[in-house]
Amino acid sequence: MRYITLKQAAQKLGLEEQALVQWAQQGFLPVYRSEATRTPTRPAREMQLLTFVARPAPDLYFAAEDIEELAEDLAWSRMGRRRMWDDDEDA
């Protein structure tokens, strides 16, 4: 499985990093962590996530596949909203 950093995920999705952290805290998006010692990544629990976000040492990662799927879902959602706005203007 390929992983990308929190910063890369936020850039790919066009969102603030904090939004992704909140989604991870709420359990909507799996997050993984890697200590500065480069231990293997593993799922982070909510309390661990809060601790690790406060400290700069560990890095947060997301599965690239999850982010790509989310990017596609967000693109479809944005297209739908634009379509709704266009229909409202035509009315």
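Residues are numbered from 1 along each chain as its sequence is written, and side-chain values use heavy atoms, with hydrogens and water left out. Because the model is predicted, local features require pLDDT of at least 70 and side-chain atom pairs count only at pLDDT 80 or more, whereas totals for chains, interfaces and linings use all residues.

The protein contains 4 helices and 4 strands, taken as DSSP runs numbered from the N terminus (helices: H or I, at least four residues; strands: E, at least two). From the N terminus on, the order of elements is β-α-α-β-β-α-β-α. Of the 91 residues, 29% count as buried, where buried means under 20% relative accessible area, exposed over 50% and partly exposed in between (1.4 Å probe, protein chains only). The protein exposes about 6600 Å², of which carbon and sulfur atoms supply 51%; accessible areas come from the Shrake-Rupley method with a 1.4 Å probe, and for residues only the protein chains shown count as cover. Among contacts (heavy atoms within 4.5 Å) with a separation of 6 or more, 62% are between residues 24 or more positions apart.

The largest nonpolar core comprises 16 residues; such a core is a set of buried Ala, Val, Leu, Ile, Met, Phe, Trp, Tyr and Cys residues joined through side-chain atoms within 4.5 Å. Leu-6, Ala-9, Leu-13, Leu-20, Leu-29, Phe-62 and Ile-67 have the most contacts inside this core. Two or more residues each are contributed by α1 (6-13), α2 (17-25), β4 (59-63) and α4 (64-90). Apart from its neighbours within four places in sequence, Leu-20 is in contact with Leu-6, Ala-9, Ala-10, Leu-13, Leu-15, Leu-29 and Phe-62.

A search of the whole structure finds 1 aromatic pair, the criterion being ring centres of Phe, Tyr or Trp (its six-membered ring) within 6.5 Å, with planes under 30 degrees apart classed as stacked, over 60 as edge-to-face and the rest as tilted. Tyr-3 and Tyr-32 form this edge-to-face pair, at 5.1 Å centre to centre and 65 degrees between the planes. Tyr-3 belongs to strand β1 (residues 3-5) and Tyr-32 to strand β2 (residues 32-34), 29 residues apart. Tyr-3 is partly exposed at 30% relative accessible area, whereas Tyr-32 is buried at 13%.

The search also finds 1 salt bridge, defined as a side-chain nitrogen of Lys or Arg within 4 Å of a carboxyl oxygen of Asp or Glu. Glu-68 is paired with Arg-2, with the closest N and O atoms 2.8 Å apart. Because Glu-68 lies in helix α4 and Arg-2 in the segment before β1, the bridge ties together parts 66 residues apart in sequence. Glu-68 is partly exposed, at 37% relative accessibility.
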